[in-house]
Amino acid sequence: MTATPIPVLTIDGPGGAGKGTISRLIAERLRWHLLDSGALYRLTALAAAKHEVALDDEAALAKVAVGLDVVFLTEEGTIRVLLEGSDATHTIRTEQIGDAASRVAALPAVRQALLQRQRDFRQAPGLVADGRDMGTVVFTDAPLKIFLTASAEERAHRRHLQLQESGVDASLSSLLKEIQARDARDMQRSVAPLKLADDAITLGTTRLTIPEVVDRLTELLTERGLATGT
């Protein structure tokens, strides 16, 4: 008898659509594991900078990705990220590292180097996987695939508010240009481009609150028998 696969909920979409927050909240509600795939690419970019590896040196970057010394710690509902023993939780969320991660993620050798590491997050009772190719490449057999969207203007506005709350002065117009450039790079890359999986459900978040999105995803999971007992 074939064992039932460990369920996976994939949540793909462009940066700023709310994937990270929504994925974390759903994982907490289900008590499932969480994969923030973008963090792995951000950590690769940060490790490359730390070891002075050029962002166009694909072979060297792949070695960095394979050898990532990373620990994810869950503390009081938040996740702390250690890179080579040092706290990188906030550093990997900067715009500079985000842009570098987008460039690193376009390299086939780097994506291949991180593929199995991502799949290893699939553990009982289930996994919420957040990224850009979770449903199209990494977990193609996931029983529920979601593609979150929001306008570039809305995503830039959200990021601008986040930075302001952190005391960082940023130009809204510059953030919009960066988001549009990152979207184009993610959608046009030759390997695992950002796109809608054939069996994915699209959910726009521009006019929805985070609790509304979480409730809608819980409904979809319940309809498919994946969220019983929540």
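**A walk through the model**

Biologist: Is Leu34 buried, partly exposed or exposed?
Modeller: Keep in mind that this is a predicted model. Buried would need a relative accessible area under 20%, and exposed one over 50%. Leu34 has 22%, which lies between those limits, so Leu34 is partly exposed.

Biologist: Where does Leu34 sit, and which residues does Leu34 touch?
Modeller: Leu34 has its place in strand S2, residues 33-36. Leaving out residues up to four places away in sequence, its contacts are Ser23, Arg24, Ala27, Ile79, Phe121, Leu127 and Val128.

Biologist: Which element gives the most to the largest nonpolar core?
Modeller: That core has 35 residues, and Leu43, Leu83, Ile92, Val110 and Phe139 touch the most other members. Among the elements that each supply at least two residues are H3 (58-66), S4 and H5 (108-119). The most comes from H2, with eight residues.

Biologist: Which residues does Ile92 touch, not counting those up to four places away in sequence?
Modeller: Ile92 is one of the core members with the most contacts to other members. Its own contacts are Ala39, Arg42, Leu43, Leu46, Val81 and Ile97.

Biologist: How far apart should the ends of helix H7 be?
Modeller: H7 covers residues 152-165, which is 14 residues at 1.5 Å a residue.

Biologist: Why do the buried residues of H7 line one face of the helix?
Modeller: The buried residues are Ala152, Arg155, Ala156, Arg159, His160 and Leu163. In general, an α-helix has 3.6 residues a turn, so residues three or four places apart point the same way. Seen down the axis of H7, the buried residues fall within an arc of 140°.

Biologist: Which helices do those buried residues pack against?
Modeller: H7 itself is followed by Gly167, whose phi is positive, near 80°. The buried residues of H7 pack against helix H4 (95-105) and helix H8 (172-188).

Methods:
Residues numbered from 1 in each chain as written. Predicted model: local features only at pLDDT ≥ 70, side-chain atom pairs only at ≥ 80, totals over all residues. Heavy atoms only, no water. Helix = DSSP H or I, 4+ residues; strand = E, 2+ residues; numbered from the N terminus. Expected span 1.5 Å × (residues − 1). Buried < 20%, exposed > 50% of the residue type's maximum accessible area, 1.4 Å probe, protein only. Arc of directions from axis to C-beta. Contact = heavy atoms within 4.5 Å. Core = buried A, V, L, I, M, F, W, Y, C linked by side-chain atoms within 4.5 Å.
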